[in-house]
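Open the model in your viewer and keep the sequence at hand.

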Amino acid sequence: MALTLLVATQQTARNLTGQALEQLAQDRPQAARRLLTQAVALHRTPLNVRLLDWVTAMCPLAQTDAVVKGARAADAG
């Protein structure tokens, strides 16, 4: 049962990352940032962390987000 929960969590993170890419395609970077922040919180992957960094760089207001700062700090460490 624990493995099922883990797989479901990873799938949810993948779905959120996909939704974020859709938001980026619609020129909605703030919505994409929120989705990517959730995806990273559920399951940190190199792809969703890099996308989050990129979206954050595109949206200066996102740089004040504590979750984004935590994601970057975890990558550096």
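Leaving aside neighbours within four places in sequence, Ala-20 is in contact with Ala-32, Leu-35 and Leu-36. Contact here means heavy atoms within 4.5 Å. This is a predicted model: local features need pLDDT of at least 70, side-chain atom pairs count only at pLDDT 80 or more, and totals for chains, interfaces and linings use all residues. Residues are numbered from 1 along each chain as its sequence is written, and side-chain values use heavy atoms, with hydrogens and water left out.

Ala-20 belongs to the largest nonpolar core, which has 14 residues. Ala-20, Leu-36 and Val-55 touch the most other members of this core. Helices α1, α2 and α3 (46–58) each supply at least two of its residues. The largest share comes from α2, with five residues. A nonpolar core is a set of buried Ala, Val, Leu, Ile, Met, Phe, Trp, Tyr and Cys residues joined through side-chain atoms within 4.5 Å. Buried means under 20% relative accessible area, exposed means over 50%, and partly exposed lies in between (1.4 Å probe, protein chains only). In soluble globular proteins, nonpolar side chains tend to be buried together.

Now step back to the whole chain. Its secondary structure comes to four helices and zero strands. From the N terminus on, the elements run α-α-α-α. Helices (H or I, at least four residues) and strands (E, at least two) are DSSP runs, numbered from the N terminus. Buried residues make up 32% of the 77 residues in the chain. Take the contacts with a separation of 6 or more: residues 24 or more positions apart account for 45% of them. The chain exposes about 4900 Å², and carbon and sulfur atoms supply 61% of that area. Accessible areas come from the Shrake-Rupley method with a 1.4 Å probe; for residues, only the protein chains shown count as cover.

Helix α1 covers residues 2–25. Its 24 residues should span 34 Å at 1.5 Å a residue, and its end C-alpha atoms are 35 Å apart, which agrees. The expected span is 1.5 Å times one less than the number of residues. Which residues of α1 are buried? They are Ala-13, Leu-16, Thr-17, Ala-20, Gln-23 and Leu-24. An α-helix has 3.6 residues a turn, so residues three or four places apart point the same way. The buried residues of α1 pack against α2 and α3.

Gln-23, also in α1, counts as buried because its relative accessible area is 15%. Beyond its neighbours within four places in sequence, Gln-23 is in contact with Arg-28, Ala-31, Ala-32 and Leu-35.

After α1 comes Asp-27, with a positive phi. Asp-27 sits in the loop between α1 and α2. Its phi is near 60°, and the residue is not glycine. Most residues other than glycine have a negative phi. Asp-27 is exposed because its relative accessibility is 64%.

Helix α2 spans residues 29–42. It has 14 residues and reaches 20 Å from its first C-alpha to its last, close to the 20 Å expected at 1.5 Å a residue. Its buried residues are Pro-29, Ala-31, Ala-32, Arg-33, Leu-35, Leu-36, Thr-37, Ala-39 and Val-40. Is Ala-41 buried or exposed? Ala-41 is exposed because its relative accessibility is 66%. Ala-41 and Ala-13 are 28 residues apart in sequence and 8.3 Å apart in space, C-alpha to C-alpha.

Arg-44 lies in the loop between α2 and α3. Arg-44 counts as partly exposed because its relative accessibility is 38%. Arg-44 and Gln-10 are 34 residues apart in sequence, and their C-alpha atoms are 9.1 Å apart in space.

Leu-3, Leu-6 and Val-7 make a nonpolar surface patch of about 290 Å². Leu-6 lies in α1 and is partly exposed because its relative accessible area is 45%. Patches are made of residues with over 30% relative accessible area and no salt bridge; like charges are joined within 9 Å, and nonpolar side chains (Val, Leu, Ile, Met, Phe, Trp, Tyr) within 5 Å. A salt bridge is a side-chain nitrogen of Lys or Arg within 4 Å of a carboxyl oxygen of Asp or Glu.
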